[in-house]
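I set out to record, entry by entry, what I looked up in one structure.

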Amino acid sequence: MTTKAAPPPEIDTIIAAHLHLEGPLLPILHALQAAYGHVPAEAHAPIAAALNITRAELHGVISFYHDFRDKPAGVHVVKICRAEACQAVGANALSEAVLAKLGLDWHGTTPDGRVTVEPVYCLGLCACGPAAMVDGALKGRAKPEALLAEVSA
């Protein structure tokens with residue numbers, strides 16, 4: 001019989017620190033992601049047990065919110081808007097060029113861990129599309145060369 005290793009004690013500490021909140025699930029997930037850069041798989045069982053939810057319910061929440069990750073992102077995160085307003089002014093060509101240049105699919109990270117590219121559905125910069133975000137900074141009228149230059153520096 002094999003036994004599973006216990007999760008790191010930090011996970012239990014993070015969970016316990018948020019249990020007093022009304023609706024603690026999202027704060028727990030945000031805190032774990034802040035601590036680890038993602039929501040580690042070894043945190044799923046303790047979260048589900050602490051909140052008396054199934055792992056399927058937990059997975060549903062994690063997969064519903066696009067900002068939660070199951071593995072750490074690259075050093076730089078490029079988010080490209082996929083909403084209709086941006087698509088109308090070149091977002092598809094922008095994303096195709098960036099993904100091709102980096103050799104990635106959506107949600108992919110370069111082998112050196114430097115860049116992760118993610119789709120987003122509206123950055124609120126519709127009048128200046130196509131819109132993108134690099135490391136939290138909005139970019140209007142984004143061009144592939146400019147986005148790639150920012151993550152290469």
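**Entry 1: the model.** I noted that this is a predicted model, in which local features need pLDDT of at least 70, side-chain atom pairs count only at pLDDT 80 or more, and totals for chains, interfaces and linings use all residues. Residues are numbered from 1 along each chain as its sequence is written, and side-chain values use heavy atoms, with hydrogens and water left out.

**Entry 2: confidence.** I looked up pLDDT, the predictor's confidence in each residue, from 0 to 100. Its mean for the protein is 93, and 95% of the residues reach 70 or more. I then compared elements; helices (H or I, at least four residues) and strands (E, at least two) are DSSP runs, numbered from the N terminus. Confidence is lowest in H1, at a mean of 94, and highest in helix H6 (residues 91-102), at 98.

**Entry 3: helix H3.** Which residues of helix H3 are buried? I use buried for under 20% relative accessible area, exposed for over 50%, and partly exposed for values in between (1.4 Å probe, protein chains only). In H3, which spans residues 44-51, the buried residues are His 44, Pro 46, Ile 47, Ala 48 and Leu 51. They pack against helix H1 (9-18), helix H2 (25-36) and helix H4 (55-64); contact here means heavy atoms within 4.5 Å.

Entry 4: Asn 52 lies in the loop between H3 and H4. Its phi is near 55°, a positive value in a residue other than glycine. Asn 52 is exposed, because its relative accessible area is 72%.

**Entry 5: aromatic rings.** I counted rings of Phe, Tyr and Trp (its six-membered ring) as paired if their centres lie within 6.5 Å; planes under 30 degrees apart are stacked, over 60 edge-to-face, and the rest tilted. This rule gives 2 aromatic pairs. The rings of Phe 64 and Tyr 65 have centres 4.9 Å apart and planes at 90°, so this pair is edge-to-face. Tyr 65 and Phe 68 also form an edge-to-face pair, 6.1 Å centre to centre with 80° between the planes.

How exposed or buried is Phe 68? Phe 68 counts as buried, because its relative accessibility is 10%.

**Entry 6: the largest pocket.** A pocket is found on a 1 Å grid over the protein atoms alone, as an open set of points where a 1.4 Å probe fits, with protein on both sides within 12 Å along at least five of seven lines; lining residues have an atom within 4 Å of a point. Grid points are joined across faces, edges and corners, and a volume is the space filled by probe spheres set on the points. The largest pocket has a volume of about 390 Å³. Of its 18 lining residues, the closest to its centre are Phe 68, Arg 69, Asp 70, Lys 71 and His 107. H4 and strand S2 (115-120) are the elements that give two or more residues to this lining.

**Entry 7: the loop between S2 and S3.** Cys 122 is in the loop between S2 and S3, and its phi is near 100°, a positive value in a residue other than glycine. Cys 122 is partly exposed, with a relative accessible area of 40%. Pro 130 is found in the loop between S2 and strand S3 (132-134). The peptide bond from Gly 129 to Pro 130 is cis, with omega near 0°.
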